[in-house]
Amino acid sequence: MTEARTAEGVSTDQLAFFSDLHPPSSDFRRDVLEGLAATPKTIPPKYFYDRRGSALFDDITDTPEYYVMRTELALLDRISDEIAKRAGPGAVVIEPGSGSSTKIDKLLGSLDDPAAYVGLDISKDHLLAACEDLSRRWPSLKIGAICADFTRHVDLHDMPIPEGRRLVFFPGSTIGNFEPDEARELLKGIRDWLRPEDGFLIGVDRVKPRGVLEAAYDDAGGVTADFNLNLLTRINRELDGTIDTAAFEHRSIWNDAKSRIEMHLVATRDMDFTVSEQAFTMTKGETIHTENSHKFTVASFQALARSAGLEPVADWSDDDSYFTLHWLECGAEAW
Ligand code: AVJ
């Protein structure tokens, strides 16, 4: 293993292993210029999360309307015994997109003597910082890190994953950010990590009354609006943009045909602006589409999982049927 040090001073020598697949890094400038030149205009939601955007997302999870995070956390508490029983002792937890420390701590705390944690993330700095934090909180846990883009197929066959039953953990309904075809490819990639005895625990937000969904993505306190509008502020700052952010409004709408919440930034007047010296025009009412958050029924998610070769084995929902944790396995003919 080679030792490496990132800007944060995180060192890979504390890790059980570090595999860097050198995923092509995303290009904010290119993606914004392409997205603003397209019809309709669109910008990928991954760019929400600069420093202020990440803080605003945390604030969103505290709004009364955004039930997603707190519902999943309460559900994880409620089913912890069943998860522990299914995973068994000495599990190896694999987390694509190493994310919320609260959730991973809950999961690890539920398990019977987990053997190892393997984080996987496209951002090396984020990955190593998250693993470093985790090793401080779980000093006896073996921790491995893989720098890779899990939305593409990542081959774990040749990696030094510690021995033990694997439990892949993909919470937060992150799967909802992807178009159905992309979601299927992502799930197929994860299926390839599983052997017949392994499990895959995924958090999925459910279809529910439109008013509840639209409010969750347009809270009365305006936090989600600030989160969405911050993308324009980021463009102005990082890409030398001249966008009048005050001329945009946040909109969250339920698209019933596509079973998803869409977030848009709506131009409230005709305007011209430049980004990185490229000129753009918008007309009053035109939008920049910034996020999709697909919602599923238990059956529609199971169908998606099956189409990726995954076998639904168990599922648990809160009493309001707002959110479901699905336990999937690789089914008959993997490996
Ligand atoms: C982080 C993608 C799960 O879709 O609910 C929250 C992001 N956007 N409010 C979601 C989000 C606006 C969130 N995910």
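What is the mean pLDDT of the chain, and what share of its residues reach 70 or more? The mean is 94, and 96% of residues reach 70 or more. pLDDT is the predictor's confidence in each residue, from 0 to 100.

One stretch differs. Over residues 1-9 the pLDDT is below 50. Beyond near neighbours in sequence, that stretch still has 21 contacts in the model, a contact being heavy atoms within 4.5 Å. Where pLDDT is low, the predicted coordinates should not be read in detail.

Ground rules, quickly. This is a predicted model: local features need pLDDT of at least 70, side-chain atom pairs count only at pLDDT 80 or more, and totals for chains, interfaces and linings use all residues. Residues are numbered from 1 along each chain as its sequence is written, and side-chain values use heavy atoms, with hydrogens and water left out.

Now the annotation. An unreviewed UniProt entry labels residues 28-329 "domain: Histidine-specific methyltransferase SAM-dependent". UniProt positions are in the numbering used here, feature names are shortened, and annotations may be inferred rather than shown by experiment. Over residues 28-329 the chain is 36% helix and 26% strand. The end C-alpha atoms of that range are 36 Å apart. Helices (H or I, at least four residues) and strands (E, at least two) are DSSP runs, numbered from the N terminus.

Domain 1 is 28-62 + 214-294, and domain 2 is 71-208 + 297-330. Those bounds come from an automatic or database domain assignment. Taken over C-alpha atoms, the two centres are 29 Å apart. Nine residues from domain 1 and seven residues from domain 2 make the contact.

On to a helix pair. H3 (residues 68-78) and H5 (residues 101-110) have axes that come within 10 Å and cross at roughly 10°. Axes are lines fitted to C-alpha atoms, for helices over the stretch in contact, with angles from 0 to 180 degrees between N-to-C directions. H3 and H5 are therefore roughly parallel, the term for angles under 35 degrees. Met69, Glu72, Leu73, Leu76 and Asp77 in H3 meet Thr102, Lys103 and Lys106 in H5.

Last, two backbone details. Most residues other than glycine have a negative phi, and most peptide bonds are trans. The Thr39 to Pro40 bond is cis, with omega near -10°. Pro40 sits in the loop between helix H1 (28-37) and strand E2 (41-42). Ser276, not a glycine, has a positive phi of about 45°. Ser276 lies in the loop between strands E10 (271-275) and E11 (278-282).

Notes
Parallel < 35°, antiparallel > 145°, perpendicular 65-115°, else oblique.
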